[in-house]
Amino acid sequence: MPQYLFIRYVTLIKTITTCIFVLLTWQAHANNQTFTNPVYANGADPWVTYFNGNYYSATTTWNSQLDMRQSPTLAGLADAQPVTVWSDTNPDRCCSFWAFEFHRLKGPNGWRWYMMYTSGHDENLDHQHLSVLESAGDDPMGPYEYKGSPMPNTWNIDGSYITIHDQLYLMYSQWFGDEQRNYIVKMRNPWTIDGQPALLSRPSYTWERIGRNVNEGPEPLIHNGQVYIVYSASYCETDDYKLGLLKLTGNDPMNPRAWTKYEQPVLTQANGIYGPGHNGFFTSPDGSENWIAYHGNEYPGQGCGNTRSLHAKAFGWNADGTPNFGSPEPTGKALNVPSGENGPLQVILPSPLMRFSHHVTRNNQIERRDSALGYLDTLPDRTVRITNNQGNFLTSDACAGQQTFVAWTNQSCQRWEVSVNNNGLLSFADVANHRLFHACNGNDCTQWSLSPVNDVAIISAVSGKAVAAVNGRTQQQSWTHSPQQIWQMAPQQDGAVTITNSVHPTRCLQSSGSLTRFGQCQQTGTHWYLHPRVEGGYRIVNKATGRLLDLSNCALSDGTSIGLYDDLDNDCQRFYLRSTR
């Protein structure tokens with residue numbers, strides 16, 4: 001059997017299996033009141049944030065790619081398709097990616113997301129060090145640009161930010177003799193240190209010196225004006241990996257005497273969870289609850305590999321103001337979902353503003369009629385939700401009595417299945433009763449197309465890199481905000497778009513065999529369909545040939561050709577549209 005036929009056969013079987021799974025489980029994510037730990041497996045060094053209608057999570061990948069997940073529910077992160085937001089092939093920083101964190105900070109260009117992660121050389125782990133990425137706009141999913149390494153010439157890991165009295169600090173971990181210690185240093189900006197680091201904590205108690213003498217993973221926690229740092233202690237290969245607590249009791253965070261260490265750990269193994277540690281914090285969607293995310297093993301002796309899974313729980317505060325994390329919750333115990341997760345919520349989703357055009361047929365010709373502006377994102381159950389530019393969500397008459405836009409309440413009538421018609425146009429049917437999204441009365445009002453209103457970056461789901469116009473062709477590049485990487489998509493009467501680039505504003509992207517080129521916009525091969533994929537992102541399909549934009553061999557390196565290939569339903573052909581500002 002030819003390879004491409006074999007791939008299509010395997011993909012068909014996977015698709016049928018997935019459809020059956022979705023039919024059986026989509027309701028489990030709609031308006032659920034409880035969830036269970038672990039949230040998902042292989043979740044070492046977890047970081048979770050709730051922002052503007054979605055949870056976002058990242059965990060150690062061990063490879064050269066930074067992957068993120070997105071879901072409107074905490075439990076949905078388990079089924080969310082990981083999306084690569086950054087990859088690197090530079091041998092000085094390419095490999096063994098650990099401990100990703102993404103923080104929303106006000107940088108030199110306004111509010112941006114800063115991704116802090118540990119990586120190193122391609123030959124061993126002797127050169128692990130921190131690197132920092134900056135988002136193009138206010139979207140946690142990027143695109144991200146490499147900004148630099150705060151301390152490239154020393155071994156340092158587990159970076160995090162803390163802001164105290166309007167001063168940004170970097171916290172991290174580094175070996176000193178036979179001890180792994182936590183340090184703190186002022187930042188001039190989110191990727192540049194200012195001055196010399198100071199000691200934050202060292203393993204001084206017996207419970208911090210099991211297996212090896214370790215303090216690592218310092219994380220900020222500020223409550224009612226009190227500044228705390230929660231850190232991980234003892235060697236991660238042991239079941240006694242745990243969390244400790246510091247409090248700022250002096251005036252100067254750079255003075256080691258200004259930090260008071262508590263004599264007992266604040267989270268240790270219990271209830272069948274071993275080695276709980278390397279945590280992060282997030283708040284519930286309505287802001288009323290504090291939550292901790294941490295990793296743990298389900299069996300003793302599993303160490304610090306990919307057996308660690310992501311756990312989450314709400315926590316409270318003791319009478320003296322310190323956090324009370326209690327004990328790890330046992331596997332499978334039903335816990336209340338974070339407060340406000342099921343709404344009602346009004347949010348503007350952080351994705352490009354899209355033009356929703358409906359199409360009618362007149363005299364055997366398709367006519368486009370622009371209907372609405374809004375946003376679309378894909379949910380872990382392989383449906384989509386649609387919000388207007390006021391932050392309300394498309395809701396079918398199954399819930400609202402009529403098709404309308406209302407606040408998100410996590411109902412099945414707010415989840416829509418997408419199908420592609422024979423003419424390349426889209427139909428949206430609500431999961432609750434399969435009523436079609438319509439723009440008017442009649443059967444001729446239910447066919448749609450999508451086109452971004454503003455400039456976009458086209459980002460590969462495999463590499464996290466941007467499609468760029470180079471020498472009249474398309475290839476991928478690391479995001480740098482170059483005009484070569486910025487695209488415009490103009491809607492056409494037939495439901496397709498023409499695609500131009502900021503360096504070729506009057507010439508349209510055109511199919512040319514297995515490659516692309518730029519030609520006159522009236523020529524054949526310059527119309528492209530944007531078809532949402534059930535895993536997220538889009539197929540970008542050439543109308544004339546039926547071929548898709550395709551990242552050659554799913555390669556990660558800059559300069560890899562973006563060509564055209566038959567539909568293989570794989571991630572090499574999955575692209576995201578991201579806002580460039």
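Q: What makes two strands a pair in this predicted model, and how many bridges join β21 to β22?
A: Two strands pair if DSSP finds at least two bridges between them. Strand β21 (residues 309–317) and β22 are joined by two bridges and run antiparallel, so they meet the rule of at least two bridges. At one of the positions concerned, Trp317 has Pro323 in β22 as its bridge partner.

Q: Why are β19 and β22 called edge strands?
A: The open sheet has four strands in the order β19-β20-β21-β22, with antiparallel pairing. Strands β19 and β22 (323–324) each pair on one side only, and they are the edge strands. In general, strands of a sheet pair through backbone hydrogen bonds, either parallel or antiparallel.

Q: Why is His278 called buried?
A: His278 lies in strand β19 (residues 274–283). Its relative accessible area is 3%, and buried means under 20%, so His278 is buried. Residues in contact with His278 include Asp45, Pro46, Asp158, Glu219, Tyr241 and His295.

Q: What makes the approach of the His278 and Asp45 side chains a polar contact?
A: The distance between the two side chains is 3.3 Å, and the limit for a polar contact is 3.5 Å between N or O atoms; the pair therefore qualifies. His278 is also 9.0 Å from Trp47, C-alpha to C-alpha, although 231 residues separate them in sequence.

Q: Why is Lys313 said to have no salt bridge, when Glu329 is 4.0 Å away?
A: Lys313, in strand β21, is buried, and the nearest side chain of opposite charge is that of Glu329 at 4.0 Å.

Q: Which backbone oxygen atoms does the side chain of Lys313 reach?
A: The side chain of Lys313 reaches the backbone oxygen of Phe325 at 2.5 Å. A polar atom of the Lys313 side chain also lies 2.8 Å from the backbone oxygen of Ser327. Phe325 and Ser327 are among the residues in contact with Lys313, as are Asn290, Trp291 and Tyr294.

Q: What makes Asp138 and Arg104 a salt bridge?
A: Their N-to-O distance is 2.8 Å, and the cut-off is 4 Å, so the pair counts. The pair links distant parts of the chain, with Asp138 in the loop between β8 (129–135) and β9 (144–148) and Arg104 in strand β6 (residues 95–107). By the salt-bridge rule, the count comes to 21.

Q: Is Glu179 buried or exposed, and how do you know?
A: Glu179 has 5% relative accessibility and therefore counts as buried, the cut-off being under 20%. Glu179 forms a salt bridge with Arg202, the closest N and O atoms being 2.4 Å apart. Arg202 is partly exposed at 31%, since its value falls between 20% and 50%.

Q: What classes are given to Asp569 and Arg533, and why?
A: Asp569 is partly exposed because its relative accessible area is 24%, whereas Arg533 counts as buried at 1%. The two form a salt bridge at 3.2 Å between the closest N and O atoms. Both belong to a network of salt bridges that links Arg533, Glu535, Arg539, Asp567 and Asp569.

Technical notes:
Residues numbered from 1 in each chain as written. Predicted model: local features only at pLDDT ≥ 70, side-chain atom pairs only at ≥ 80, totals over all residues. Heavy atoms only, no water. Buried < 20%, exposed > 50% of the residue type's maximum accessible area, 1.4 Å probe, protein only. Contact = heavy atoms within 4.5 Å. Polar contact = N/O pair within 3.5 Å; in protein donor to acceptor, adjacent residues only side chain to side chain. Lys, Arg positive; Asp, Glu negative; His and termini not counted. Lists of a residue's contacts leave out its neighbours within four places in sequence.
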